[in-house]
Each structure stands twice: as C-alpha cells, then as structure tokens.
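Trainee: I have a new model open and need a walk through it. Start wherever you like.

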Amino acid sequence: MTDWKVQGSLPPTTHDAWMVEFERYKLFPEWQQRKSMTLDEFKYIFYWEWGHRMFGRVVGVAFTGPLIYFAARGRITPQLRGRMALLFAMGGSQGLVGWWMVRSGLNEKDGGWVKEGQSREIRVSPYRLASHLCMAFSIYSLLLYTAFDVLYPKATQLSLASVPPKIAAKLPALRASAAGTAGVVFVTAMSGAFVAGNDAGCAFNTWPDMDGQFLPDAAVEGQLTPAWRNFFENTALVQFDHRMLAYSSIGAVATTYALARRGNVWAVLPMPTKVAMNGLVGMVTAQAALGISTLLMYVPIELAACHQAGSLVLLSFATLGAHSLRAVPLAAGAPIAAAAAGGAMAGGAGMVLSK
C-alpha cells in the first residue's frame, strides 16, 4: 500500500480498481526491483499490509472505547490515569511510526533506505522496522503490566512472621534478576528486527558455528562507516549479535530460576511468580529450538512467525515475574511489612512487601 489514511480504507473490489492500485505501486522503485510480480502476487502483499493496518485500528478502538466508558463513570483510579494517557498516546503514534517505516521501503526521495552491498536495493529500513517493533512490544508490555495491576489489586498475604530472615534476605536478588531478565529478553527481541531487516537469517545457516567459525571474518571486517553501523547493518555481525543475546537470555532465565529455587525461597513465593518462573524455563527452551530450526531451515515464514510470537510469550512470562516481585525491596536487609496500608501488592498467594 503506497498511501496512508488515519481512518483507513476498503481494498479494491473490482479488477479495474486493482489495476489502478497496481499501477500506482509500479511508480515506486521497489517494484522496479520486482518487475516479475503478477497482479495476484501484488494482491497477496496488499492484503497482508491492509489487514495489519486495519487490525491495528481495531486494537485502537478496543482500547479507546472502554477507556472512554470507564473514564466517564469515574472508574479509572488516579494512579492509572497517567498510564492510560501514555498508552493512548503510544497507540496513536504507532500508526505514524508504521507509515514512517513503510515509506522507507518505497523510494529514497521519501526517506527510503538503500541496502549497501553487492547490489543496491530499496527496502524497508531496519532501523525503522526496529522502531516499529520496539513501540509495539513496549505498548504490549505496559498493557500487560497494567492488566496485572488491575487483576491483582489485593492478595492473600503471607505473614511475614513466617518468613525467616535468611529467606527474606534472598528476595532482593531474585527481584533484580527477574527485572534484568525482562530487559535482556526485550533487547533480544529488538535485535531480531535487525536480523529480519537485513535478511541476516538467510546467511550462515549452520549452528552452533557460523559456517565453521564462532565469529565470521565478515563480522570483523565490516567496511561500513561510521563503524557503529556494522552492528545494525553488517549481516554477519547482526546475526552474531542476535545469537549472543539469545544465549544471554537463556543465561538470565537460568540464573533467575536458580535464585527462585535456592534454599526455601520457592516455598514462600507467590503463585504468579512460580507460574512465571516455570513459564520462563519452558518458553526459553521452546524459543531457542524455534530460533535454531528457523535458521537451519533457511527461514520459512511459518517458523519465523512462530519465533517472533515466541519472543512475545517469553516477554510475557518475564513481565509477570517482574511484576509479581515488584514489592520486594531492592536493598538487602530492608524491612518487610505485611499488609501495610498503601503497600505494593502481588496477586494470588502473593506477599505485600514494603519498599
């Protein structure tokens, strides 16, 4: 789709209308690189883009409608008003970010991005693609975190008198590790946008090595200037970075799970934390298998889509884990008070822990 309207539009309904849309697409350099494209192939990519945009509008209506209703009835607490406003602004700007991304794949004049290498190719900028994905994941994470706040405003609290000081002293490290895991998983998912934007998954289709090397020569012999561009545009280095971040995610999950399981910590954890910890271990294993399979099979669309969806599921468990431990004091030895008024609360069989 070569244009963008806030309200959206219906797809062409007649052959003549489709031809008009197809001829408009042919005016852009992107088509000049794919002159063999047929009308049916054009319809295929058109419907994917059109469906994506319209689904985004549906999500906007699904958020805004209830927001107006609950705001009019005074059901939105003061603590949530600022967050709702932020989510509304982020959702509204996501459409603009998406069009800004699409424009980069049409031509150079409109801010287009040219892939350097053996051939110059007009394509969507991986920087703008990553920005669009980052915004989407940020909106989702904030929505999920907010949903947990609403779902778990109160909880059945454990009596802190029953939590031995030695166990309580181990909780800050677990909270920090859970938050760090969420951060690493998020960054790993964002690096996947650069893998997709550079078609980096279509090279070095071996594992655990990269065509017989740990770090390919092409990754350290990058010729792009300034040098930092190699981390985002050099195919070999982009894939290497994604692999290393994936290993870091596995290590972060393993560390967090080990901290949750050490001593008698597991016995005092709230149920949402236990669900998150077990989910993280299972999902990071599945996600690693999906990533390796996608690479070895030369990036089939179905597997690639599952791999991206898997990153969202993994981030969901990481968000739940961080949220369920949000009331744990970060400083070791800080006092923990049970059921303190105004204290942060974790759901299920959770604890109220003073900050």
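Mentor: Take Y47 first: at 40% relative accessibility, Y47 counts as partly exposed. Buried means under 20% relative accessible area, exposed over 50%, and partly exposed in between, with a 1.4 Å probe and protein chains only.

Trainee: What sort of model is this, and what are the ground rules?

Mentor: The model is predicted: local features need pLDDT of at least 70, side-chain atom pairs count only at pLDDT 80 or more, and totals for chains, interfaces and linings use all residues. Residues are numbered from 1 along each chain as its sequence is written, and side-chain values use heavy atoms, with hydrogens and water left out.

Trainee: What does Y47 pair with?

Mentor: The structure holds 16 aromatic pairs. The F46 and Y47 ring centres are 6.3 Å apart with planes at 85 degrees, so this pair is edge-to-face. Rings of Phe, Tyr and Trp (its six-membered ring) pair if their centres lie within 6.5 Å; planes under 30 degrees apart are stacked, over 60 edge-to-face, and the rest tilted.

Trainee: And F46, buried or exposed?

Mentor: F46 is buried, at 4% relative accessible area.

Trainee: Which residues make up the aromatic cluster?

Mentor: W18, F22, Y25, F42, F46 and Y47 form one cluster. The charged end of K26 also sits over the F22 ring, 4.5 Å from its centre. That label needs NZ of Lys or CZ of Arg within 6 Å of the ring centre and within 35 degrees of the ring normal.

Trainee: Why does the F214 and F240 pair count as edge-to-face?

Mentor: Their ring centres are 5.4 Å apart and their planes are at 90 degrees, so the pair is edge-to-face. F214 is in the loop between helix 7 (171-197) and helix 8 (217-220), while F240 is in helix 10, so the pair ties together parts 26 residues apart in sequence. F214 is exposed at 59% relative accessibility, whereas F240 is buried at 12%.

Trainee: Change of topic. How many helices and strands are there?

Mentor: The protein chain has 13 helices and two strands. Helices (H or I, at least four residues) and strands (E, at least two) are DSSP runs, numbered from the N terminus.

Trainee: Tell me about helix 10.

Mentor: Helix 10 covers residues 235-261 and reaches 39 Å from its first C-alpha to its last, close to the 39 Å expected. The expected span is 1.5 Å times one less than the number of residues. N234 caps the N-terminal end of helix 10, with a side-chain oxygen 3.0 Å from the backbone nitrogen of A236. Just after helix 10, G263 has a positive phi of about 55 degrees.

Trainee: Where is the kink in helix 4?

Mentor: The kink is centred on Q94 and is about 25 degrees. The bend at a residue is the angle between axes fitted to the seven residues ending there and the seven starting there. Q94 is among the buried residues of helix 4, and those buried residues pack against helix 3 (39-72) and helix 5 (126-151).

Trainee: Last one. Which peptide bonds are cis?

Mentor: A cis bond joins W207 and P208, with omega about 10 degrees, and P208 is in the loop between helix 7 and helix 8. The bond from T225 to P226 is also cis, with omega near -5 degrees. P226 sits in the loop between helix 8 and helix 9 (230-233).

Notes. Polar contact = N/O pair within 3.5 Å; in protein donor to acceptor, adjacent residues only side chain to side chain. Contact = heavy atoms within 4.5 Å.
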